[in-house]
Amino acid sequence: MPDAAPSRPGQAKTARRQSSFKALEFILGVILVGGIGLAVLFSGFLFPGGGSAVDLAARLTPPLVDMAHPLGTDPLGRDVLARVIVGGEISLTVGLVSVAGAVVIGVVMGLVSGYYRGFWDVVVMRFADVQLALPFILLAITFIAIVGGGLINTIVLLIVSQWVQYARLVRGSVLSLRDREFIQSARAIGVRDIKILFQHLLPNLLGPVIVLMTLNVANNILLEASLTFLGLGVDPTIPSWGGMLAEGRTYLQTAWWVSVFPGLAILLTVLGLNLLGDWLRDTLDPTGRTRV
Amino acid sequence: MTSKALLSVRSLGVAFGSEHVVEDLSFDVEAGRTLAIVGESGSGKSVTSLAIMRLVEHVGGSITQGSIHFNADGVSRDLTALSDKQMRALRGNDIAMIFQEPMTSLNPVFTVGDQIIETLLVHEELSRNAAREEARRLLELVRLPDAEAQLKRYPHQLSGGMRQRVMIAMALACRPKLLIADEPTTALDVTIQAQILSIIRDLQSQLEMAVIFITHDMGVVAQMADDVVVMHRGRRIEQAPVADLFAHPREAYTRALLSAVPRLGSMSGEDLPRREALTVIENGEPRTIGGNSTQDTARYDEAPLVSIRDLVTRFDIRKNFFGGVTHRVHAVEKVSFDIYPGETMALVGESGSGKSTIGRTIQQLQAATSGDIRFEGKPLAQMSKAEQMRLRQKVQYIFQDPFASLDPRKTVGFSIAEPIRTHGLIDNRRAIDARVGELLERVGLEAHHAGRYPHEFSGGQRQRICIARALASKPKLIIADEALSALDVSIQAQIIDLFMELQKDEGLAYLFISHDMAVVERMSHRVAVLYLGQIVEFGPRRAVFESPAHSYTRRLLQAVPVADPGARRDQPMLEGEIASPVRSVSDEPIILPLSETAPGHFVATEKPVGIPA
C-alpha cells in the first residue's frame, strides 16, 4: 500500500459500542413488529368472532380478573384483547399502505423535479404549495364528500395529502446532491438519467425519508381514527386502534384499560418501526459500518 | 534552546479517545521569529496548534502529557494547567489564530467592521468609536483598499483573499505576542497567496510577534520560516533552522518529502517532460519507485484528437425585473487549441480563468455558447446520440476532490465497473469483475479492494480509484481537473508518476487543468495560460516556462513560492485582486489577438485594461 488509510481518532471504540447497540435495536424491532404483525395476521384464526361478541353482563371487567378476558372488557362487554388484535388489521393496513403509497409518489416526484428542474419542477412544487395551503380536515371533508368513505378511500386520501412531504424532502436533498462531483462524474461517464436517479441519488437521500416514514405510520394510524370519529373514514363498527382509543376516552377515569391497551399497541408498533427504521438507515450507510 | 523562549512545548501528547495523535512533541518559539510546522495530512500539525490554543478539548481531544509554557510579561504560565476563564483572557489577546478557510471563519450575518470591533471590545477597554477607528486602522494595516467602506461590508461581498486579510486584521486586533496561522493560504490563488504571505511577514517584523506557521507546502516554508519542525504521524521527525533543513536534511522522511516537492524551474533545458525516480517511505523504510525516462509520447504527426475552435461559454447570472439578462459570466472567450494523441496539454490560470469550464464543455457537462469542438475530426454538434455516447467513453474526467467524486453508497468495484456496464464493453459478470481487479492492480491497489467503500481509503488511494474508473472505458483522452491539488506532495508525486506511466503504456492524451505551475512544468508537453477566459500565452512547455512572453504569465510564475530559502524574494509583491469575469450584457470583452513569436509559441497582445500592471 503506498499510503495507509487514515483512521479517525476514537473511531474504533465508538464503533464497537455502536455495533452492539445496533444489533439490539434490530432484535427488539423484529420482535415488536414481527410479534404484532403475526398476531394481527392470524387474528381471524385466534378470534373467529372478531371480538364483536357482546356480553353486557361482563361489561367493563378490569384486566386479569376474568381469565376469559385477560385485558378486560369494554362498555359493551366485548373482549379488549380480541378487539386490539383484530383492530390491528385496519390500523396497520391504513398506516403502512398509506405511507408506502405516499413515499413512492413523493420520492419519484421529488427526484424528477429536483434533478430536471425547469418546467416540471415549477408544476410539481406549485401544486404542492397549493395543497399545503389547504387544511387537512377541509381536504378530507371535500374528498370524502365527493368519492365516499371506506378503507380504500381513506388510504387514498392520506396518500394524496402526504406525498407532498416526501416530494419536498427529496427535492431538497436532490438539489444539494446533484451538483456533487460523484453525480457529475456519473454524468461524465454517460450513465443514463434513470440510473443516476435510482442508483446514485436515491440511496444517498434515503436516510431522512426513512425517518419521516416511521413518524408518519403512527400519525396515519391516529388520523384514521380521527376520520372515523368524524364519520369520514372506515365503517365505525369495524374495530381499529384509533377508533378504540377514541371510544375509550369517555371511560378513561373509570375503565382505563379500554383505551390504554389499543394505545399501547400503537406505541409498541411505532417503537418497533422506529427501531427497524434506524437500523435500516444505518445499515444502508456504509460509512457507519464497522471497518473490517 | 533557551528557557526564555516565548512558547516552549515539552513532551506534549494529545489523544482522541484511545488514539494518540501527537506524541512526545517538544519545540520552542522565540519572540519575533517564525516557526513552521510542516507535515502531511494526519501528521498532527493542526492538532498541535489546537492544543496550544487549548481548543483541542472542544473537538473531543485531550492533552495527555507534557507542558506548554507561555512566557510573557515576565510571567511563565503553563497553558495546560490554566482554567477555561484564564485561557479565554489569553486567547485573542496574547495568542491569536487564523484558519485555513476564510470562507467559513467569518460570521456571514455581521459586517466585517462589527466583527473586528467585537474582538476589540472584548479584550480592550475602548469606547465604540475608538474601537471603530482602530478597526479601520487594522484594515489599512493589512492593506485592504478603501478600509472605511470595507467596514460596512458583509463577508460574502469580499473575495477569498480579502476575507483572509480581514481574518488577519482580527487576529492582530490586540497585538498578540504569538500568532498561529493554520494553512492560511492553502485555499487561495498563488498571486493572492504571495500577497498574504508578504503581509504576514511585514506585520511580524513591525509588531515583533512570534508566528507559528502550519503548512504542508515546502515552498511556503522556505519563504516564511526561520525554524522548521517536520512532523509525521504525530511525532517530530526533525527540527532545524530553515536553511539547514533545506540544505542538509538529516532524516530520510524529510529527504523524501523534499524530493517530492515539485520545483519550478527543475525542468529547465528539457524539451519533453521526464519521469523521475522518486523515494517513498513505506513502513518507515525509504524505497525508490519508478525510473528515469523521457516522455516522448506525443504524436504531433497524427491528426489531432480534439480540436477546439473559437469556443465561447457564458453563463447568464443576473436578471432584471422582467427576466431579461443584465450580467453574464464570460467563462470562456474564443479559445482555440488542439490536443494530439499521447500529449499532455495543460491549462493554467487562476480562479475564474475559465480553465475548468473548457474541460467541462469538452466533456459535455456544459453546453457551449458558440464555437466548435471536434473529436477525431467530427464536430460535436453534428454527432448522433450514439456518437455522443462514444465520446463519453473515449473522453474521461477526473475531478479535484477524490472524497466527493465517488458515490459513498457504492463499493469501489461498482464505481469502476459502471463505465464498463454503461457502454456495454463487457457483458458477462465474471469478466467485468476480473477487469475491475485488473484495473485496481494497474493503479497500484489490490483486486480484493473492489468490495470496499470509498470511505475506507485515503485521499491518494481514492484518486487512484478515480483513475482506475477513468481507465475502465479505454479512453483516449483524460481530462484531469485539478486532480492533484487535494493530495499531499508525496502522494502527488506518485500520482504524477502513475499518470506518466499510463501515458507511456496506453498512449493516453491528458488535458491537465491546474493552478500549480510547478506540477504543470513537470507533466505537460504544451501549456496554455488563461486569463479571464482567454488564452494569453500558448506554446511548448519549455518556451512558456523559460521565455514567458506575456506579462500575466510572468506574474503567475513570479508568485509561485520557491522551495529554496536562499531564493527568498523581497521585491514588492503585485497588489490587486483577480479580475472578475462577470460583465454586463452590453460590455463585450475585447478579444486579444494571438501572434506567433516563435514556432508554436503564441502570445496575446498586451492589453493594460483589466490586467493590473
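Author: Start with a pair in chain B. Two packed helices are described by the angle between their axes and the distance between the axes. Helix H10 (residues 252–260) of chain B and helix H16 (residues 489–506) of chain B have axes that come within 8 Å and cross at roughly 55°. H10(B) and H16(B) are therefore oblique to each other. Angles under 35 degrees count as roughly parallel, over 145 as roughly antiparallel, 65 to 115 as roughly perpendicular and the rest as oblique. Axes are lines fitted to C-alpha atoms, for helices over the stretch in contact, and angles run from 0 to 180 degrees between N-to-C directions.

Reader: What kind of model is this, and how are residues and chains labelled?

Author: This is a predicted model: local features need pLDDT of at least 70, side-chain atom pairs count only at pLDDT 80 or more, and totals for chains, interfaces and linings use all residues. Residues are numbered from 1 along each chain as its sequence is written, while chains are lettered from A and ligands numbered from 1 in the order in which they are written.

Reader: Is the crossing of H10(B) and H16(B) left-handed or right-handed, and which residues make the contact?

Author: H10(B) passes H16(B) in a left-handed crossing. Left-handed means the near helix is turned anticlockwise from the far one by less than a right angle; clockwise is right-handed. H10(B) brings Ala256(B), Leu257(B) and Ala260(B) to the contact, and H16(B) brings Val489(B), Ser490(B) and Ala493(B). In contact means that C-beta atoms, placed from the backbone, lie within 7 Å. These residues divide into 5 nonpolar, 1 polar and no charged. Ala, Val, Leu, Ile, Met, Phe, Trp, Tyr, Cys and Pro count as nonpolar, Asp, Glu, Lys and Arg as charged, and the others, Gly among them, as polar.

Reader: At what angle do H3(B) and H6(B) pack?

Author: Helix H3 (residues 112–123) of chain B and helix H6 (residues 160–172) of chain B pack at about 20°, with axes 9 Å apart. H3(B) and H6(B) are therefore roughly parallel to each other. Their crossing is right-handed. Val112(B), Gln115(B), Ile116(B) and Thr119(B) of H3(B) meet Val166(B), Ala169(B) and Met170(B) of H6(B).

Reader: How many helices and strands does chain A have?

Author: Chain A has 10 helices and 0 strands. Helices (H or I, at least four residues) and strands (E, at least two) are DSSP runs, numbered from the N terminus.

Reader: Where does H6(A) bend?

Author: H6(A) bends by about 35° at Gln162(A). The bend is the angle between axes fitted to the seven residues ending there and the seven starting there.

Reader: How do H3(A) and H8(A) cross?

Author: The axes of helix H3 (residues 80–116) of chain A and H8(A) come within 8 Å and cross at roughly 145°. The crossing of H3(A) with H8(A) is right-handed.

Reader: How many residues of chain A are in contact with chain B?

Author: 24 residues of chain A are in contact with 37 residues of chain B. Two elements give two or more residues to chain A's side: helix H7 (181–189) and helix H8 (193–229) of chain A. H7(A) gives the largest share, 7 residues. By class, that side has 11 nonpolar, 7 polar and 6 charged residues.

Terms used:
Two residues are in contact if their C-beta atoms, placed from the backbone, lie within 7 Å.
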